[in-house]
Amino acid sequence: VHFDPYLGWDVTWLGSDGGWQHGTAGLGEVGNTFITAHVYDADGNAGPFVNLHQVGYGETFELHLNGWVYTYLVVDNRVVLPNDSSIYWHDAYDRVTLLTCLGYNEATGTYSNRVAVQAILVSVTGP
């Protein structure tokens, strides 16, 4: 997922996959790693993050990369405006922010909000 300062994040290629937002921390690195996926695809089918708005505080999820399993603990789930930059902060922790759209407006062909689930790393296991 690449960022264009004039157009924003390019998520057209995601399809039924999730993608790392270029320019954010890498998985397992200190900072805030952003992973984006569609809530619904272009054909109206449920996307990988269709139920992201239902993820609750204290729940865990796993991300798998190159044989490693990163387990994260959810610390926040909120609805933000598309231009809300408050979710892009970094600190001295390994964090992940899962991001998707919410509130499709047929008249404008855009989504009015985003769902941002933020979580902190609690364990890593692997080969």
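**Entry 1: the S5–S6 hairpin**

I began at the hairpin of S5 and S6, which leaves 2 residues between the strands and in which Asn 66 takes a positive phi near 50°. Strands here are DSSP runs of E, at least two residues long, and helices are runs of H or I of at least four, both numbered from the N terminus. The model is a predicted one, so I kept to its limits: local features need pLDDT of at least 70, side-chain atom pairs count only at pLDDT 80 or more, and totals for chains, interfaces and linings use all residues. Residues are numbered from 1 along each chain as its sequence is written, and side-chain values use heavy atoms, with hydrogens and water left out.

I looked at Asn 66 again on its own. Asn 66 is in the loop between S5 and S6, and its phi near 50° is a positive value in a residue other than glycine. Most residues other than glycine have a negative phi. Is Asn 66 buried or exposed? Asn 66 counts as exposed because its relative accessibility is 68%; the cut-offs are under 20% for buried, over 50% for exposed and in between for partly exposed, with a 1.4 Å probe and protein chains only.

For the strands on either side, I found 6 bridges joining S5 to S6 in the antiparallel sense. Two strands pair if DSSP finds at least two bridges between them. I noted that Leu 65 has Trp 68 as its bridge partner in S6.

**Entry 2: the sheet**

I then checked the overall make-up. The protein has 0 helices and 8 strands. I traced an open sheet of 6 strands in the order S3-S4-S7-S8-S6-S5, with mixed pairing. Its edge strands are S3 (18–20) and S5 (60–65), each of which pairs on one side only. The twist averages 35° from one strand to the next; axes are lines fitted to C-alpha atoms, and angles run from 0 to 180 degrees between N-to-C directions.

Which strand runs parallel to S7? I found that S4 (residues 31–37) does, joined to S7 by 6 bridges. In S7, Val 96 is the bridge partner of Thr 33, and Thr 97 is the bridge partner of Phe 34.

S7 and S8 pair in the antiparallel sense over 10 bridges, including one that gives Leu 98 the partner Val 117 in S8. Their hairpin has 4 residues between the strands, and Gly 109 in it takes a positive phi near 70°. S6 and S8 are also antiparallel, over 11 bridges, and Asp 76 has Gln 118 as its bridge partner in S8.

**Entry 3: Thr 33**

I went back to Thr 33 in strand S4. Thr 33 counts as buried because its relative accessibility is 1%. A polar atom of its side chain lies 3.1 Å from the backbone oxygen of Gly 26. I listed its contacts (heavy atoms within 4.5 Å), leaving aside neighbours within four places in sequence: among them are Trp 20, Leu 27, Arg 95 and Val 96.

**Entry 4: the cores**

Which residues of the largest nonpolar core touch the most other members? Of its 15 residues, these are Phe 61, Leu 63, Tyr 72, Val 96 and Leu 98. S4, S5, S6 (68–80), S7 and S8 (110–125) each supply at least two residues of this core. Apart from it I found another core, of 5 residues, among them Val 80, Ile 87, Leu 99 and Ala 116. A nonpolar core is a set of buried Ala, Val, Leu, Ile, Met, Phe, Trp, Tyr and Cys residues joined through side-chain atoms within 4.5 Å.

Beyond four places in sequence, Leu 63 is in contact with residues including Leu 27, Ile 35, Trp 68, Tyr 72 and Val 96.

**Entry 5: Cys 101**

I looked up Cys 101 in strand S7 (residues 94–105). Cys 101 is partly exposed because its relative accessible area is 22%. Not counting residues up to four places away in sequence, Cys 101 touches Val 39, Tyr 111, Asn 113 and Arg 114. I also noted Phe 49, which is 52 residues from Cys 101 in sequence and 8.8 Å away, C-alpha to C-alpha.

**Entry 6: totals**

Buried residues make up 35% of its 127 residues. Among contacts between residues at least 6 apart in sequence, 52% join residues at least 24 apart.

Methods: Polar contact = N/O pair within 3.5 Å; in protein donor to acceptor, adjacent residues only side chain to side chain.
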